[in-house]
Amino acid sequence: MRFFDFLRFLSRKSNKDSKKKSNLDATIPQSPTHDASNISDVASVSKSGVDTQITSISSSPLQHHYENGRRYYDNEDIAYLLPDDIEDDDRMYLQHWAVRMAFGSNFDAPVTNALNDGINVLDSACGPGAWTLEMANKYPNSKFYGTDISPRFPNQFPSNCEFLAHNIVDTPPFGENYFDYAFQRLVILGIKKVDWPKVIENIKFTLKPGGWIELTEFSYFTSQNVGPNIQLVVDLSRKIMTAAGLDLEIQSNLSRLLSEAGFTNIQVRTVDVPINHGGKMGNLFWQDSKEAFTSAKHMFTKFHPDFEKPGVFDKFIEDIGEESKVKKWTMPWTRAIAQKPLAL
């Protein structure tokens, strides 16, 4: 059992009142390959009976291709650049801990009392469910729903936590005014610029009047203290993301998009995270960045053919790590919270 598998196992076992995903597991093979290419329908996540505010909707079967032993989406309607595999799940668990450490909490929205009392919470684009699981265990009176394009969900989870395979660009499977709080983090590499207003409008539709939305994103392109190797990876990332139609400036556009969607009480908090310096947090963010860069080798190579030569790309990644220590590279991460207006 790998280190991150062990940590996930502990997380999943931490609540005695856990259960297996009866609806999704019947059709979704689990680790190590968790090949979801045959999934064509989104199953209801209702535990008992039928929840009239959660709808089963059709979605396109997932298609994949492989590069350097890693599995990537091959669907035209899926923009996510990084792999869909167990290794990327490990990276996102590590990233979850790093982000929590950087911000000093799992969320900024003023919903602590409501979470203790019991509310419905959406984790939009939840990935393997690290945030969802931790929050569900901490706030047992609330109900948590994690959605993601890939059904890469844990095998077991607390009874107040459910997962649903869903593309957040599509029509929401939840009814209007269903959630009290919606959380979404790090879809900068998975949502096209043209789709961002639609994604935010979908969340707004499912939020109750007075409900809160929270978005977290980062930016390579406003990094501080960079050297030539870091600048090269930033420039190449810009080319890759531009070619994919992604929003390079989403970290600084969150407030504007929320305002244009009609949200109020918008608040933004930005922290400059250290990369490979400053102790444990910097080490975690470097490990996250290193694994993301490495998994994107074939994309970098398209714009920088020298990386095809044996050892050149690996040396480049090592040089970025050393340069980060010397230059004290920092990258801005932003949380934006906002409230859906109360009904008139």
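Arginine 256 and glutamate 260 sit 4 residues apart in helix 8 (residues 250–260), so about one helical turn separates them. This is a predicted model, and in it the two form a salt bridge, with 3.1 Å between the closest N and O atoms. Arginine 256 is partly exposed because its relative accessible area is 38%; glutamate 260, at 56%, is exposed.

Glutamate 134 forms a salt bridge with arginine 100, the closest N and O atoms being 2.6 Å apart. Glutamate 134 is in helix 5 (residues 130–138) and arginine 100 in helix 3 (residues 86–103), 34 residues apart. Glutamate 134 has a relative accessible area of 24%, which means partly exposed, and arginine 100 is also partly exposed, at 29%.

How many salt bridges does a search of the whole structure find? The number is 18.

Lysine 309 pairs with aspartate 306 in a salt bridge, closest N and O atoms 3.7 Å apart. Elsewhere, salt bridges with shared partners join Arg71, Asp84, Asp88, Asp89, Arg91, Arg152 and Asp288 into one network.

Now serine 150. It lies in the loop between strand 5 (143–148) and strand 6 (156–158). Is serine 150 buried or exposed? Its relative accessibility is 1%, so serine 150 counts as buried. The side chains of serine 150 and aspartate 84 are joined by a polar contact of 2.8 Å.

Last, histidine 298, in helix 10 (residues 297–303). Histidine 298 is buried, at 13% relative accessible area, and beyond its sequence neighbours up to four places away it touches Glu67, Asn68 and Tyr72.

Key:
Residues numbered from 1 in each chain as written. Predicted model: local features only at pLDDT ≥ 70, side-chain atom pairs only at ≥ 80, totals over all residues. Heavy atoms only, no water. Helix = DSSP H or I, 4+ residues; strand = E, 2+ residues; numbered from the N terminus. Buried < 20%, exposed > 50% of the residue type's maximum accessible area, 1.4 Å probe, protein only. Polar contact = N/O pair within 3.5 Å; in protein donor to acceptor, adjacent residues only side chain to side chain. Contact = heavy atoms within 4.5 Å. Salt bridge = Lys/Arg side-chain N within 4 Å of Asp/Glu carboxyl O.
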